[in-house]
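Student: Could we go through this structure together? I would like to start with the arrangement of the chains and then turn to the fold.

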Amino acid sequence: MLKMDNSEIWKDCIGAISNLIEEADFEIDGKGIRMKAMDPSHVALVDFRLSSKAFSVYDVEDTVKLGLDLTEMDKVMSRAKKNDESAIGYIEEENRLKIEFKGTSTRRFSLPLLDLEDEDLPDPDLDFTASAKIAAGVINDGLKDAALVGDNVRFELLEGKFLMKIESDTGSAELELSEDDEALESIDVDNPSRAMYNIGYLEDMFKAASSNDIVEIKHGQDLPIQIIFEIAEGNGHLKFLLAPRVETE
Amino acid sequence: MLKMDNSEIWKDCIGAISNLIEEADFEIDGKGIRMKAMDPSHVALVDFRLSSKAFSVYDVEDTVKLGLDLTEMDKVMSRAKKNDESAIGYIEEENRLKIEFKGTSTRRFSLPLLDLEDEDLPDPDLDFTASAKIAAGVINDGLKDAALVGDNVRFELLEGKFLMKIESDTGSAELELSEDDEALESIDVDNPSRAMYNIGYLEDMFKAASSNDIVEIKHGQDLPIQIIFEIAEGNGHLKFLLAPRVETE
Amino acid sequence: MLKMDNSEIWKDCIGAISNLIEEADFEIDGKGIRMKAMDPSHVALVDFRLSSKAFSVYDVEDTVKLGLDLTEMDKVMSRAKKNDESAIGYIEEENRLKIEFKGTSTRRFSLPLLDLEDEDLPDPDLDFTASAKIAAGVINDGLKDAALVGDNVRFELLEGKFLMKIESDTGSAELELSEDDEALESIDVDNPSRAMYNIGYLEDMFKAASSNDIVEIKHGQDLPIQIIFEIAEGNGHLKFLLAPRVETE
C-alpha cells in the first residue's frame, strides 16, 4: 500500500505518459517506483521514477511488476480532486490495482492488471554537448507558435542563447531566450548544436509540466533530445528521450 | 404575470427537466405552478412545484394549463443573466408565453404554446425503507466516477453508510460516505437496500443542483429511487423518480 | 518598423476583420495604417485606421501597400500574450511581414505578403437619420438572444429608445434600451428608423469589442447600418458598414 498526501504528481505524470504510451510495466520495490517504455512507433523513450520518499506511507516488501493500461489509469487519476489524499495498493489474488481518493468522500477504483511482454529497450549512450534549464511554459509557447507553421521544430543551443525555429512556405516562427531572460535559468554549451523534433510529441511530453516548472534539456548536434522534469520535490523524475527528425532541406 | 427577483431557480430547474422531457403541461393557479411528466421511455417521472411565495409578484386569477416546449424554454432561460429580474406572463389571445429579463437592458421573449395530450401518469405507492440527505456535488462525483466503468450504478443505503458501486471487466468504482463525513447530512435506514440505476438519467437529474445543495434520496430494495431537490428556499421542489435496472449478474 | 506597447488592439481588430475578410491590402505611410475592404459576398464594408500616434515607435518613410492573409495574421496575433510588446516590420527584399512579441521570451514570426488586385470599393453617401452610443456587451446579448429565433434582427432607433427585434414561428426576442439605461450612453434621432440585418455578420463585427466598450451606431430607414469602434484611445477606428436585409413579411 502506497499513500500520497496529494495526487497531483501522479495525475500529471500519468497524464503525460499516457499520451505517448498505452500500456507499460511499473516496477515497485522497497526503494520506489520505476517505469521505462517506448512509444509504439519507437520515437520516444520514457523513464519515470518516483522514490519511496515521495509517499507519506510506503509499505512495499517484495518487488512486483504491475502491467497497467495507462489510458484507463489516466482516466481514474483525473478523477482525483486537488486535496484528495491518494492511496494505491495491489492485491495479488485479484490481479488488480486498487486506487483510493480520500476527501469529501472516500472513493475507490480498481483496474485489471495486464500481462505485458518484456520490451527490449535501447539504452543509448549519447554525448550531449549542451544543456539548459528553462521554464516549461516558455517552451510550451514555442511549441504552439511553431505548430502554426508546420510539424517539426528545430532546437538550437548556442553560447548563451536558446532558440526554437521553424520555417515553411506559409511563414516562420522563432522563439529566443538569452541569458538576460529570467525564463532561461541556465545554459551550458560546449558545442553549439541544432536538431529538429516532432512538435506533437513534444507537446505531449510538456503536458507533464506547469508553466513555472523548470525543465532540463540535454542536447547535441542531430542527437535525440533529452527532456527532464524533476517531480515530487526532487524525489523523482520524468525523463523523455525523443529521436530527431532528419532535416530534408 | 409572475415576477421573480432572480431567474436562477427557473434556469436550473428547466435545464434539468429539459434533459429528460421535451414538452409538458405546466398548471398555474393561485397557489403556484405544478408540472408532472414522464420521459419518453417511461423510466423517469418528474414532479415540479413552485409556490406563489417564491415570486415577488404573483398575479394569477384563473387556473391555466400551458403546454411548453422545454428545449426552447431552456434556451430562453439560459439567456438570463445572474441578477436579472425575470417576469413570466401569458396572453391568451396570442397563445404565447411571455418572458422578460430586466437588468442592464430589458429583454423580452415569447414562445408559442403547445396543445398537448393528457398523459396518464403512474402514481406508485412505494415503501421506501431508507433515506439520506447528501451534498449534490458528492453524488455528481460518484456518477462521473461510475461512468468510467459502465452504464449503471448501484446505490446502497446501509446502517450509517451510503455507497455508490459499479463493477465490470474494465474495472470498478465505489464511493462511500459514512456518518463522519460532512457531506452526508443524515441517513436513516430501516432496512438496508440496494438497487441499480442508469447513470445517464441520474446525471441529467443532478444538473438541477449546485455542488453544495443538499439532495434527499428515498430508497428501497430494488425499488425506484426518489430524488428530491428543495428549491426557492423551501417554496418548491423538483422530484424525480427513476426506475431501477434489473441486475443481470 | 512599428512598435506598440501592447498587442491587444491588433489582436482584437485583426480578429474581427478576419472573420469577414480573408485577404486585404494594408496601406502604411508616415501618418498611420489604413485598410478598406469588402467581404466576398459584398454585404459588409470594413474601414480600419490606426494613427502613427498609437505606436510607441513608428518609423515609416515611404508609402507601402502590404497584402495580408488575415486568417494567418490572426493566428499569429492570437499568440501574443497580454503584456507583450509587439513590433511589426517589413523587409522588401524578402517580401515578408515580420512580427515580434517581446515578453518572457522574444518570439518572431514572418508571413509571406500577397499580391492582391485592386478592388473597386463603393463609397456610399448615406443620409443617416439617427445615431446612438451603446455598450457593446448589450448589443452582443441582443444578438445572442436573436440567434435563438432566426437569422436576421431588426434595429429600431426611436425617440429616446433603442430596440433590437426578431420574430418567427418559433418565438420572438426583443431587446430594449431607453434613456434611463446606463448602457445607452446617448441617442439622437431626427427620424425614427428601422432596418433588418444578418445576425452572423453582426456577431463577427462585435468580436472586436469588449463588453464595456462603447460602440457608435449610425442608422436610417432601410439603410445600411454603420458600426464604429474607436480604438487605441481615439487614435484609430474600426468601421463596419453592413447592408440591410429586405424584410419579406
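Predicted model: local features only at pLDDT ≥ 70, side-chain atom pairs only at ≥ 80, totals over all residues.

Student: Now the contact between chains A and B. How many residues does each chain give?

Tutor: Chain B gives 14 residues and chain A gives 13 residues. On the side of chain B that touches chain A, the elements giving two or more residues are helix 3 (136-147) and strand 13 (171-178) of chain B. Strand 13 of chain B supplies the largest share of that side, 7 residues.

Student: And what is the make-up of that side by class?

Tutor: The side of chain B that touches chain A has 6 nonpolar, 3 polar and 5 charged residues.

Student: Which strand of chain A pairs with strand 13 of chain B?

Tutor: Strand 9 (residues 106-112) of chain A does, in the antiparallel sense and over 5 bridges. Within this pairing, Arg107(A) has Leu175(B) as its bridge partner.

Student: What does strand 13 of chain A pair with?

Tutor: Strand 13 (residues 171-178) of chain A is joined by 5 bridges to strand 9 (residues 106-112) of chain C, and the two run antiparallel. Here Ala173(A) has Phe109(C) as its bridge partner.

Student: Staying with strand 9 of chain C, which strand forms a hairpin with it?

Tutor: Strand 8 of chain C does, with 3 residues between the two strands. Strand 8 (residues 96-102) and strand 9 of chain C run antiparallel and are joined by 7 bridges. Lys98(C) stands opposite Ser110(C) in this pair.

Student: Let us change topic. What is the strand order of the open sheet in chain A?

Tutor: The open sheet of 9 strands has the order 6-2-3-4-18-17-16-10-14, with antiparallel pairing. Strand 6 (64-69) and strand 14 (184-189) of chain A stand at the edges with a single partner strand each, so one side of each has no neighbour in the sheet. On average, neighbouring strands of this sheet are turned by 15° against each other, direction ignored.

Student: How many bridges join strand 4 to strand 18 of chain A?

Tutor: There are 7 bridges between strand 4 (residues 44-51) and strand 18 (residues 236-242) of chain A, which run antiparallel. Among the partners are Ala44(A) and Leu242(A).

Student: Where does helix 2 of chain A pack?

Tutor: Helix 2 (residues 70-77) of chain A packs on the sheet and touches strand 2 (23-29) and strand 6 of chain A, its direction making about 85° with that of strand 6. Helix 3 (residues 136-147) of chain A lies across strand 10 (130-135) and strand 16 (214-219), running at about 95° to strand 10.

Student: Is helix 4 of chain A mostly covered or exposed?

Tutor: Helix 4 (residues 199-206) of chain A is mostly covered, with 6 of its 8 residues buried. Among the buried residues are Tyr201(A), Asp204(A) and Phe206(A).

Student: Finally, how many residues has the largest nonpolar core?

Tutor: The largest nonpolar core has 237 residues, and among those with the most contacts inside it are Cys13(B) and Ile134(B). Beyond its neighbours within four places in sequence, Ile134(B) is in contact with residues including Ile139(B), Phe162(B), Leu177(B) and Val215(B).

Technical notes: Residues numbered from 1 in each chain as written. Chains lettered and ligands numbered in written order. Contact = placed C-beta atoms within 7 Å. Helix = DSSP H or I, 4+ residues; strand = E, 2+ residues; numbered from the N terminus. Nonpolar A, V, L, I, M, F, W, Y, C, P; charged D, E, K, R; others polar. Pairing = 2+ DSSP bridges. Core = buried A, V, L, I, M, F, W, Y, C linked by C-beta atoms within 7 Å. Buried ≥ 20, exposed ≤ 12 C-beta atoms within 10 Å, placed from the backbone. Axes fitted to C-alpha atoms, helices over the stretch in contact; angles between N-to-C directions.
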